[in-house]
Amino acid sequence: MPKEHKPLTLRWVDDGLVECGCDEAGRGCLAGPVFAAAVILPPDFRHPWLNDSKQLTERRREALRPIIESEAVAWAVAECSPEEIDQINILHASFLAMHRAIDELEVRPERLLIDGNRFDAYPEITHQCIVHGDALYSSIAAASILAKTHRDERMKQLATDYPVYQWADNKGYPTESHRAAVQLFGLSPHHRKTFCRSLLDF
């Protein structure tokens with residue numbers, strides 16, 4: 001059972017601007033897209049489980065997903081493909097996925113709260129980078145949960161066509177069994193070639 005935690009701070013600055021939390025999932029994986037989510041929460045949104053998705057069980061993440069999606073003022077999830085990751089690197093692919101999620105929001109935010117210490121600025125919207133922001137601010141935590149659950153869902157779908165890599169369990173992360181499968185069976189179309197160079201001679 002996960003430990004209960006102090007309620008997250010809802011806003012970065014309580015100045016009336018529309019704040020949007022942004023976070024990514026899948027940055028350190030060998031395979032699959034990197035996903036990002038952008039979430040605008042209502043001022044009165046509270047939930048005792050809301051936290052950095054990595055601090056939650058899969059069951060709690062999945063339980064929170066429909067709550068966030070139904071109660072958010074606006075939310076969107078987007079991705080960057082393995083090919084894009086190989087072309088522009090994972091850092092900028094993560095930022096591009098965030099930009100794509102922001103593009104899809106039905107409500108335009110006035111401030112972006114970004115989990116981490118770097119970001120490629122989004123046109124005409126100010127942003128604030130916050131290290132470990134997904135464990136501090138509600139909207140970033142909500143974004144981390146949506147990015148993680150949507151990406152996990154995709155990897156489980158891809159696992160049905162590529163069972164040897166065990167993506168239903170490892171979600172594309174570099175577990176020992178996943179690395180061994182790459183060495184034995186080679187790369188799938190969903191692997192990030194730049195991430196797998198140390199495993200294969202190419």
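1. Arg-111 stands opposite Thr-126 in β5. β4 and strand β5 (residues 126–130) pair in the parallel sense over 5 bridges; strands here are DSSP runs of E of at least two residues, helices are runs of H or I of at least four, and both are numbered from the N terminus. Two strands pair if DSSP finds at least two bridges between them.

2. This is a predicted model, in which local features need pLDDT of at least 70, side-chain atom pairs count only at pLDDT 80 or more, and totals for chains, interfaces and linings use all residues. Residues are numbered from 1 along each chain as its sequence is written, and side-chain values use heavy atoms, with hydrogens and water left out.

3. β4 also runs parallel to β1, joined to it by 4 bridges, and Cys-22 stands opposite Ile-114 in β4. Of the 5 residues of β4, 5 are buried (under 20% relative accessible area; exposed is over 50%, partly exposed in between; 1.4 Å probe, protein chains only). Arg-111, Leu-113 and Asp-115 point one way, Leu-112 and Ile-114 the other.

4. Ile-145 lies in helix α4 (residues 138–159) and counts as buried because its relative accessibility is 0%. Beyond its neighbours within four places in sequence, its contacts (heavy atoms within 4.5 Å) include Leu-50, Leu-64 and Ile-68.
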